[in-house]
Amino acid sequence: MFLSFSKTLKKMSGFRIGTHVRLKGWSLLVFGIFILMFYILYWSVVASLWMIYGICYLCYLPFKLIFKQKKKN
């Protein structure tokens with residue numbers, strides 16, 4: 001009984017992807033690095049878009065203030 005129980009636990013160990021694929025050891029490390037690279041890529045794109053938005057807003061701000069001053073006069 002204990003022998004089959006330990007074999008079952010051994011079969012269930014690891015990170016499971018899909019239906020019959022389990023990642024253990026080096027394959028889990030390589031897959032984790034791939035996922036981390038994807039997250040870094042995603043957040044760097046989000047950060048660069050926010051920076052572009054900020055630069056465009058800073059370029060627009062002087063024109064906005066100039067038009068406000070013209071409307072007052």
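## Exposure and aromatic contacts along a helix

Of the 73 residues in the chain, 1% are buried, where buried means under 20% relative accessible area, exposed over 50%, and partly exposed in between, with a 1.4 Å probe and protein chains only. The model is predicted, so that local features need a pLDDT of at least 70 and side-chain atom pairs count only at pLDDT 80 or more, while totals for chains, interfaces and linings use all residues. Residues are numbered from 1 along each chain as its sequence is written, and side-chain values use heavy atoms, with hydrogens and water left out.

The chain exposes about 7300 Å², of which carbon and sulfur atoms supply 77%; accessible areas come from the Shrake-Rupley method with a 1.4 Å probe, and for residues only the protein chains shown count as cover. Two helices and two strands are present, in the order α-β-β-α from the N terminus on; helices (H or I, at least four residues) and strands (E, at least two) are DSSP runs, numbered from the N terminus.

Helix 2 has 48 residues, which at 1.5 Å a residue should span 70 Å, and its end C-alpha atoms are 70 Å apart, in agreement; the expected span is 1.5 Å times one less than the number of residues.

Rings of Phe, Tyr and Trp (its six-membered ring) pair if their centres lie within 6.5 Å, and planes under 30 degrees apart count as stacked, over 60 as edge-to-face and the rest as tilted.

| Pair | Centre distance | Plane angle | Class |
|---|---|---|---|
| Tyr42 and Trp43 | 5.1 Å | 75 degrees | edge-to-face |
| Trp50 and Tyr53 | 5.6 Å | 90 degrees | edge-to-face |

Tyr42 is partly exposed at 43% relative accessibility, whereas Trp43 is exposed at 53%. Trp50 and Tyr53 both lie in helix 2, three residues apart, about one turn of the helix; Trp50 is exposed at a relative accessible area of 59%, and Tyr53 is exposed at 53%.

A nonpolar surface patch of about 980 Å² includes Trp50, Tyr53 and Phe63 among its members. Phe63 lies in helix 2 and is exposed, with a relative accessible area of 52%.

Key. Patches are made of residues with over 30% relative accessible area and no salt bridge: like charges are joined within 9 Å, nonpolar side chains (Val, Leu, Ile, Met, Phe, Trp, Tyr) within 5 Å. A salt bridge is a side-chain nitrogen of Lys or Arg within 4 Å of a carboxyl oxygen of Asp or Glu.
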